[in-house]
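Morning, everyone. Let me put the model on the screen, and then we will walk through it.

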Amino acid sequence: MHLTDTFQSALKGITVNVNRSLLTMLGIIIGVGSVVLMSAIGSSMQGVILGQISSLGAKSMVIFPGSSEGGPSALGAGRDSLTFEDIRELEQLGTITTVAPIIYGAGPATYGKEESSAQIFGVTAAFFDNQNLPAIEGRLIDTSDVNGNRYVALVAPEARDKLFGQEDPIGKSIKVGSNHYTVIGVTKALGSQFFQSADNRIYIPYSVARQVTGQKYVNYVTMTATESFAVAIDDVKFLLRRRHGIKNPADDPKKDDFIVHSSEEAGQILGSVSLGLTLFITTIAAISLIVGGIGIMNIMLVSVTERTREIGLRKALGATHRDILLQFLTESVMLTVIGGLIGMVGGVALAVITASIVKNILATYVFAISLPSMIIAFLMAVITGLVFGITPAKRAAELSPMEALRYE
Amino acid sequence: MADPSVPLIEIQDLSKSYFNDGVETPVLFHLNLKIHKGEFVAIMGPSGSGKSTLMQILGFLDAHTNGEYIFQGEPTQALDDDALARIRATRVSFVFQAFNLLPRTTVLQNVMLPLIYHPTIPSGERQKRAERAIELVGLTPRTDYLSSQLSGGQKQRVAIARALVTNPDVIFADEPTGNLDSASGVAVMQALKKLNDDGHTIILVTHELGTAQHAKRIIRIKDGHVESDTSDFTRLNTESAHNLK
């Protein structure tokens with residue numbers, strides 16, 4: 001029997017009952033489709049996170065106050081371990097540059113009758129350097145603004161839209177808390193960072209923020225490593241431990257009252273996130289393909305029983321054991337191949353739809369597909385067809401022609 | 001070319017038993033038969049006599065338990081499954097009582113089916129051969145009909161065309177008129193008779209004397225033994241009449 005005849009016989013077997021074939025394929029369609037969709041979302045999210053990391057700059061670092069003991073809730077605002085003196089000494093280190101202390105708060109901002117709540121960032125000129133954040137209108141906060149305690153403000157696009165609408169904000173006076181600030185510029189949009197908009201911000205000089213809040217500590221510090229992260233992080237830890245009187249020769253992060261992160265670590269976190277995602281997708285794929293495979297085996301067994309007389313006839317006409325085995329195996333593989341293709345097309349279509357919806361929330365989300373995942377999902381579907389097709393195909397091939405012909 | 005003096009089919013002391021859960025049920029006992037090329041033989045007998053079992057053994061669908069089956073001068077005892085499949089594909093063919101056509105499949109495709117298992121007929125020749133076989137049974141206008149669109153008699157003629165298409169050495173017909181009305185039955189038997197006139201060897205299994213009478217030789221089987229082997233219809237008719245009394 002030629003291979004083309006095997007294919008034609010198998011195709012005939014599938015097309016004789018299209019609805020049943022489609023239902024049989026459903027498990028495979030869902031399995032492959034969900035893998036393609038999930039991996040496409042994974043790729044897109046990877047793009048978003050990578051974009052954020054590269055926007056931070058390749059050598060970007062950040063110091064948070066607090067201890068890693070007790071988990072993330074111990075992080076961030078409210079902790080007062082990072083002092084102005086710490087900053088002054090950090091600035092002296094040779095292994096880091098653009099040291100930018102940040103005083104952070106949130107509050108209402110008003111322009112005329114427009115009032116809007118915004119995130120208020122007290123920053124130095126170095127902040128815009130290490131964040132790669134340019135102004136799209138007007139100018140950035142510079143050293144003379146900070147040194148001169150000038151009440152000026154730089155608004156991010158969302159904050160500008162809320163306060164000014166279509167109006168040109170440059171030179172206008174806004175009120176933040178009980179003080180008035182003159183708007184000097186608008187920053188480039190950052191999109192969202194960790195599912196929170198980074199564009200509803202108002203930047204004011206660090207010195208002014210200190211004055212207004214009376215805060216004796218900074219909320220966090222950003223900077224750039226001049227050489228390797230390892231050396232820079234060691235230097236920062238050594239300096240802060242010495243200043244804070246912490247003895248920590250074993251480098252136990254629980255003993256520190258600060259946490260240093262680098263964009264390299266963010267990359268590593270991303271790596272572990274995508275590893276987790278891959279495992280997750282693989283699990284989904286494995287489960288759904290096994291379920292799909294069992295479905296196929298089930299229907300193929302029914303089909304073999306239903307077609308016992310046909311098998312008997314084919315054997316009476318000269319079909320060998322191998323001919324029948326191949327015909328039924330080809331049928332089940334064909335079911336998984338067609339199911340896999342439908343799943344791939346469906347998964348890509350859903351990924352495109354997902355991208356168009358998520359884009360409204362997360363501007364940097366773009367449609368991306370993971371070709372290796374698609375290929376692996378498809379191959380796994382084909383292997384499923386082979387593995388789960390073997391039992392029914394063997395059962396068909398082993399039928400005695402005479403008994404099969406007599407089957408009622 | 002095969003030696004014409006060598007029988008096409010020869011069985012010597014052939015027996016067959018079925019085994020169910022270790023219990024032996026003998027069906028055929030020490031049969032001896034010779035069938036030559038070009039014969040039209042009817043194997044007759046009541047149900048349970050073993051006639052269908054004999055046909056299945058002769059047609060390589062089932063194996064015998066003891067004795068010898070010599071096909072075209074060659075013993076068949078040692079043949080493996082693949083060799084038997086090859087014989088079924090090239091040397092023998094079948095017409096069944098229940099037609100056994102593939103559903104939702106055209107007449108042409110049904111008749112072409114045996115050719116996909118034929119090792120030497122090129123695929124380019126299949127359609128031409130099938131069309132010729134369909135023409136021989138007078139169904140050319142129905143070539144593209146689905147098997148379900150045909151009458152019983154037409155279905156059986158398609159089955160005959162299918163049996164014919166590989167040009168086998170022998171065609172086995174198992175109760176070919178059993179599911180047909182008498183007019184269709186006559187048409188089917190005439191088709192088989194025509195094939196025999198054209199030189200095909202035909203072995204017919206039936207329990208109806210009327211059907212068997214189309215054959216040139218009748219072998220009667222009863223309780224697994226050959227009861228009679230004759231072409232004398234007169235005597236058979238007398239016996240039947242006697243039995244009816």
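Start at B:Ser15. Buried or exposed? B:Ser15 counts as buried, because its relative accessibility is 10%. Buried means under 20% relative accessible area, exposed means over 50%, and partly exposed is in between, with a 1.4 Å probe and protein chains only. B:Ser15 sits in strand E1 of chain B, residues 9-20. Helices here are DSSP runs of H or I with at least four residues, strands are runs of E with at least two, and both are numbered from the N terminus.

What does the side chain of B:Ser15 reach? It reaches the backbone nitrogen of B:His30, at 3.1 Å. Contact means heavy atoms within 4.5 Å. With neighbours within four places in sequence left aside, B:Ser15 touches B:Leu28, B:Phe29, B:His30, B:His64, B:Thr65 and B:Asn66.

A word on ground rules. This is a predicted model, where local features need pLDDT of at least 70, side-chain atom pairs count only at pLDDT 80 or more, and totals for chains, interfaces and linings use all residues. Residues are numbered from 1 along each chain as its sequence is written, chains are lettered from A and ligands numbered from 1 in the order in which they are written, and side-chain values use heavy atoms, with hydrogens and water left out.

Next, the domains of chain B. Chain B is divided into domain 1 (1-91 + 171-245) and domain 2 (100-167). Those bounds come from an automatic or database domain assignment. The C-alpha centres of the two are 24 Å apart. In the contact between them, 13 residues of domain 1 of chain B meet 13 residues of domain 2 of chain B. Together they bury about 1100 Å², 72% of it on carbon and sulfur atoms. Buried area is the accessible area, with a 1.4 Å probe, that two parts lose on being put together, summed over both.

How many salt bridges are there between domain 1 and domain 2 of chain B? The count is 0. A salt bridge is a side-chain nitrogen of Lys or Arg within 4 Å of a carboxyl oxygen of Asp or Glu. Polar contact gives 1 residue pair across that interface, both at pLDDT 80 or more. On the domain 1 side, H2 and H6 of chain B are the elements that give two or more residues. H6(B) gives the most, with 6 residues.

Now to H2(B) itself. B:Leu84, B:Ala85, B:Ile87, B:Arg88 and B:Ala89 are buried in this helix. What covers them? The cover includes helix H10 (308-316) and helix H13 (401-406) of chain A, together with strand E6 (92-95) of chain B.

That takes us to the chain interface. It uses 23 residues from chain B and 22 residues from chain A. The two chains bury about 2000 Å² between them, 59% of it on carbon and sulfur atoms. There are 5 residue pairs in polar contact between the chains, both at pLDDT 80 or more. Helix H2 of chain B, residues 81-90, supplies the largest share of the chain B side, 4 residues.

The rule finds 1 salt bridge across this interface. A:Asp5 forms a salt bridge with B:Arg126, with the closest N and O atoms 2.7 Å apart. A:Asp5 is in helix H1 of chain A, residues 3-15. At 4% relative accessibility, A:Asp5 counts as buried.

Over to chain A. It is divided into domain 1 (3-53 + 268-406) and domain 2 (67-256). Their centres, taken over C-alpha atoms, are 52 Å apart.

Last stop, salt bridges. In one of them, A:Asp86 pairs with A:Arg243, the closest N and O atoms being 2.5 Å apart. A:Asp86 lies in helix H3 (residues 84-90) and A:Arg243 in helix H8 (residues 229-244) of chain A, so the pair ties together parts that are 157 residues apart in sequence. A:Asp86 is buried, at 0% relative accessible area. A:Arg243, at 30%, counts as partly exposed. A:Asp86, A:Glu89, A:Arg242 and A:Arg243 are linked in a network of salt bridges.

In chain B, B:Lys51 and B:Glu175 meet in a salt bridge at 3.9 Å, N to O. Both ends are on record as buried: B:Lys51 at 5%, B:Glu175 at 8%.

Technical notes. Polar contact = N/O pair within 3.5 Å; in protein donor to acceptor, adjacent residues only side chain to side chain.
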